[in-house]
Amino acid sequence: MSQHPAITVRDVSFEWNSGSVVLNHCSLEVPAGEFWMLLGTNGSGKSTLLRILADLLPRKSGAVAVNGQVGFVFQNPDHQLVMPTVGADVAFGLVEERLTVPQVRQRVTEALSLVNLQALQQRPIYALSGGQKQRVAIAGAIARHCDILLLDEPTALLDPESQTDLVQQVSELVRQRQMTALWVTHRLEELDYCDGAFLLEGGRVVDSGEPERLKRRLMSQG
Ligand SMILES: Nc1ncnc2c1ncn2[C@@H]1O[C@H](COP(=O)(O)OP(=O)(O)OP(=O)(O)O)[C@@H](O)[C@H]1O
């Protein structure tokens with residue numbers, strides 16, 4: 001395991017205003033430069049934890065350290081792609097950076113090449129498949145030079161072939177670009193592509209480590 005975690009969660013608790021407790025002294029560390037997955041039953045708090053890491057929700061107690069620029073990929077890409085074409089959407093994420101037009105073009109082209117979408121730069125978003133849309137969302141994060149990808153069930157709406165393509169692509173990106181990724185999933189076959197996994201239960205991590213072992217544990221539980 002790397003000396004320096006990219007993501008550290010220490011004793012984080014979270015409850016909704018209704019009093020329903022979602023995270024209960026939850027702790028985990030994701031090593032820098034690795035691809036980890038987050039598993040757990042429906043309602044176990046996976047999305048809540050990811051949103052706290054991205055500062056989309058405030059934690060109630062505990063500490064979080066995220067060492068790097070974060071890119072978030074939602075389950076439904078239609079919730080985050082806002083521009084009419086592929087190239088415009090990736091460029092849109094750069095509006096707050098002080099870049100010249102050629103620099104923006106170069107970032108967009110590079111990011112789209114990394115997710116194998118360079119040929120679709122002019123294509124309308126509505127004409128993309130679900131898997132292509134997820135890759136546009138990932139290209140947006142790469143163009144912004146994000147070091148850390150948080151992906152909330154990014155394959156939930158994809159067919160099995162696109163699902164495999166996406167998980168393979170993220171696994172390659174993590175290796176090539178020395179990124180760190182935390183990927184929420186219910187699909188145990190995706191564990192074949194990651195470096196490690198966490199199992200969330202009752203608001204805390206109850207098991208973590210080698211993906212193959214966690215896969216066997218969950219398969220034996222049915
Ligand atoms: N905006 C909200 N207000 C109140 N409760 C919420 C809200 N969003 C989620 N919850 C509740 O918080 C709990 C944890 O939800 P969360 O989405 O984090 O779980 P999850 O592990 O990602 O589940 P799933 O696998 O079904 O996506 C659930 O009981 C859910 O109903």
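**Briefing: ligand shell, sheet and domains**

The shell around the ligand holds two nonpolar residues, seven polar and one charged. Here Ala, Val, Leu, Ile, Met, Phe, Trp, Tyr, Cys and Pro count as nonpolar, Asp, Glu, Lys and Arg as charged, and the others, Gly among them, as polar. The model is predicted: local features need pLDDT of at least 70, side-chain atom pairs count only at pLDDT 80 or more, and totals for chains, interfaces and linings use all residues. Residue numbers start from 1 along each chain as its sequence is written.

**Ligand shell**

- Trp 16, Val 22, Gly 40, Asn 42, Gly 43, Ser 44, Gly 45, Lys 46, Ser 47 and Thr 48 surround the ligand. A residue is near a molecule or strand if its C-beta atom, placed from the backbone, lies within 6 Å of it.
- Helix H1 (residues 46-53) contributes the most to this shell, with three residues.

**Overall fold**

- The protein has six helices and nine strands. These are DSSP runs, numbered from the N terminus: helices are H or I with at least four residues, strands are E with at least two.
- The radius of gyration is 17 Å, close to the 17 Å that the globule rule gives for 222 residues, so the protein is as compact as a globular protein of that length. The radius is taken over C-alpha atoms, and the rule is 2.2 Å times the number of residues to the power 0.38.
- Along the principal axes, the C-alpha atoms fill a box of roughly 50 × 40 × 35 Å.

**Three-stranded sheet**

- An open sheet of three strands runs in the order S2-S1-S4, with antiparallel pairing. Two strands pair if DSSP finds at least two bridges between them.
- Strand S2 (21-31) and strand S4 (61-66) are the edge strands, each pairing on one side only.
- S1 and S2 pair antiparallel over seven bridges. Val 12 stands opposite Cys 26 in S2.
- The S1-S2 hairpin has five residues between the strands, and Gly 19 takes a positive phi near 95° there.
- Five bridges join S1 (residues 5-15) to S4, also antiparallel. Ile 7 stands opposite Val 66 in S4, and Ser 13 has Ser 61 as its bridge partner there.

**Domains**

- The domain assignment gives domain 1 (1-68 + 151-222) and domain 2 (83-146). Such bounds come from an automatic or database assignment.
- The C-alpha centres of domain 1 and domain 2 lie 25 Å apart.
- Eight residues of domain 1 are in contact with seven residues of domain 2; contact means C-beta atoms, placed from the backbone, within 7 Å.
- The side of domain 1 that touches domain 2 has five nonpolar residues, two polar and one charged.

How values were computed. Contact = placed C-beta atoms within 7 Å.
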